[in-house]
Amino acid sequence: MAESHGGAKGPAAGAHTGADGGHHGGGFPPFESSNYASQLVSLAIFFVLLYVIVSKLALPRVGGAIEARQNKIEGDLAEAQKLKDQSDAALKAYENELASARSRAQAIGNESRDKANAQADAERKTLEEQLAAKLAGAEKTIASTRATAMSNVRGIAADAAGQIVQQLTGVVPDAASVNAAVDASLKG
C-alpha cells in the first residue's frame with residue numbers, strides 16, 4: 001500500500017500533470033485564433049445586452065434627471081423674473097408715492113407760508129394803523145403844547161423885555177411898544 005501511494009504513476013497522475021502542463025503549451029487563450037469566433041459572438045451578445053440596458057434603463061433615467069433639472073432651472077428663472085418684475089413695480093409705486101408726498105408737503109409748506117405771510121401782513125397793517133393813530137395823537141398833543149408854549153413865550157418875552165428895558169434905562173416902557181417889539185422879533 002505504501003507503494004501505491006508514493007510510487008503510483010498511473011493515468012490519474014498523468015492527467016493531473018497534463019492539466020498543469022496545458023498552460024505552458026499554447027499561450028494566452030484570448031489570443032489564440034481558434035477562439036476568435038466564439039469571442040466575437042460573445043462580444044456581440046454582450047454589446048447588444050449592454051446597449052439595451054443602457055438605452056432602456058440608464059439613459060431614460062439620466063435624460064429624465066436632466067429634463068427635470070432643466071425644468072427646475074427654467075421654473076426658478078421664471079419665478080426670479082416674476083419677483084424682479086414685482087419688486088420693480090413696488091419700487092416704482094414707492095417712488096411715485098414718495099414724489100406725491102413731497103409735492104403734498106411742498107404744497108402744505110407753501111400754504112402755511114402764505115398763511116403766515118398774510119397773517120403777518122394783517123398784523124403789520126393793524127400795527128401801522130395803531131402807530132399812525134398814536135402818531136397823529138402825539139402830533140396834536142405836540143401842536144397843542146407848542147401853541148400853549150408859544151402863547152406863554154410871547155407873554156414871558158414881553159415881560160422879560162419890559163424888565164430888561166426898565167433895568168437898563170430905569171424907565172418903565174409902554175406895554176404897546178414892548179408888545180410890538182416882541183411881535184416883530186418873533187416873526188423874524
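Is Lys-115 buried or exposed in this structure? Lys-115 is exposed, with a relative accessible area of 55%, where buried denotes under 20% relative accessible area, exposed over 50% and partly exposed the range in between, computed with a 1.4 Å probe on protein chains only. The model is a predicted one, in which local features need pLDDT of at least 70 and side-chain atom pairs count only at pLDDT 80 or more, while totals for chains, interfaces and linings use all residues. Residues are numbered from 1 along each chain as its sequence is written, and side-chain values use heavy atoms, with hydrogens and water left out.

The structure holds seven salt bridges, each defined as a side-chain nitrogen of Lys or Arg within 4 Å of a carboxyl oxygen of Asp or Glu. Among them, Lys-115 pairs with Glu-111 at 3.5 Å, N to O; the two residues lie four apart in helix 3 and are therefore separated by about one helical turn, helices being DSSP runs of H or I with at least four residues, numbered from the N terminus. Glu-111, at 44% relative accessibility, is partly exposed.

A salt bridge also links Glu-79 to Lys-82, with the closest N and O atoms 3.7 Å apart.

Salt bridges that share partners join Asp-121, Arg-124 and Glu-128 into one network.
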